[in-house]
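Welcome to this short tour. Keep your viewer open and select each stop as we reach it.

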Amino acid sequence: MKGKKHKVQFADDDFRKSSLSHHSKKACVLVATKQKAIGVRDSKDSGKITLQFTKREWKAFIAGVKAGEFDI
């Protein structure tokens with residue numbers, strides 16, 4: 001089925017925190033990279049839902065961040 005995403009299972013050990021955020025105890029996300037998906041979740045509450053993106057979606061998001069498309 002083209003266009004349908006399949007849920008990928010992520011383990012706690014799959015996630016990493018940015019080395020640039022090691023001093024921050026506030027807003028931080030964890031990212032996990034697998035063959036078929038990128039997982040993103042809140043570092044303060046790993047029990048909440050993990051957002052999943054295709055690699056294509058993630059690359060588009062990163063490009064948008066680098067281009068200043070978001071007010072962050």
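Start by selecting T54, which is found in the loop between β4 and α1. The model you are looking at is predicted: local features need pLDDT of at least 70, side-chain atom pairs count only at pLDDT 80 or more, and totals for chains, interfaces and linings use all residues. Residues are numbered from 1 along each chain as its sequence is written, and side-chain values use heavy atoms, with hydrogens and water left out.

T54 is partly exposed, with a relative accessible area of 28%. Here buried means under 20% relative accessible area, exposed over 50%, and partly exposed in between, using a 1.4 Å probe and protein chains only. From T54, draw a C-alpha to C-alpha distance to T33: they are 21 residues apart in sequence and 9.9 Å apart in space.

**The whole chain**

Now zoom out. The protein chain has one helix and four strands, and from the N terminus on its elements run β-β-β-β-α. Helices (H or I, at least four residues) and strands (E, at least two) are DSSP runs, numbered from the N terminus. Of the 72 residues, 22% count as buried.

Colour the strands next. They form an open sheet of four in the order β1-β2-β3-β4, with antiparallel pairing. The edge strands are β1 (15-17) and β4 (51-53), each pairing on one side only. From one strand to the next, the twist averages 30°. Axes are lines fitted to C-alpha atoms, for helices over the stretch in contact, and angles run from 0 to 180 degrees between N-to-C directions. Two strands count as paired if DSSP finds at least two bridges between them.

Walk across the sheet pair by pair:

- Select β1 and β2 (residues 29-33): three bridges join them in the antiparallel sense. Look for K17, which stands opposite L30 in β2.
- Move to β2 and β3, which run antiparallel and are joined by five bridges. L30 stands opposite R41 in β3, and a hairpin of four residues connects β2 to β3.
- Finish with β3 and β4, antiparallel over three bridges. The bridge partner of G39 in β4 is Q52.

**Inside β3**

How many of the five residues of β3 are buried? Four of them are, so β3 is largely enclosed by the rest of the structure. Select I38, which has its place in this strand. I38 counts as buried because its relative accessibility is 4%. Leaving out residues up to four places away in sequence, I38 touches F10, V31, A32, T33, L51, Q52, F53, T54, K55 and W58; contact means heavy atoms within 4.5 Å. E57 is 19 residues from I38 in sequence, with 9.0 Å between their C-alpha atoms.

Select α1 (residues 55-66). It packs on the sheet, touching β2, β3 (38-42) and β4, and its direction makes about 95° with that of β4. At 1.5 Å a residue, the twelve residues of α1 should span 16 Å, and its end C-alpha atoms are 16 Å apart, which agrees. The expected span is 1.5 Å times one less than the number of residues in the helix. Following α1 is G68, whose phi is positive, near 80°.

In soluble globular proteins, nonpolar side chains tend to be buried together.

**Two last stops**

Is T50 buried or exposed? T50 is found in the loop between β3 and β4, and at 18% relative accessibility T50 counts as buried. Beyond residues up to four places away in sequence, T50 touches F10, F15, G39, V40 and R41.

End at K7, in the segment before β1. K7 counts as exposed, at 65% relative accessibility. K7 and L51 are 44 residues apart in sequence, yet 10.0 Å apart in space, C-alpha to C-alpha.
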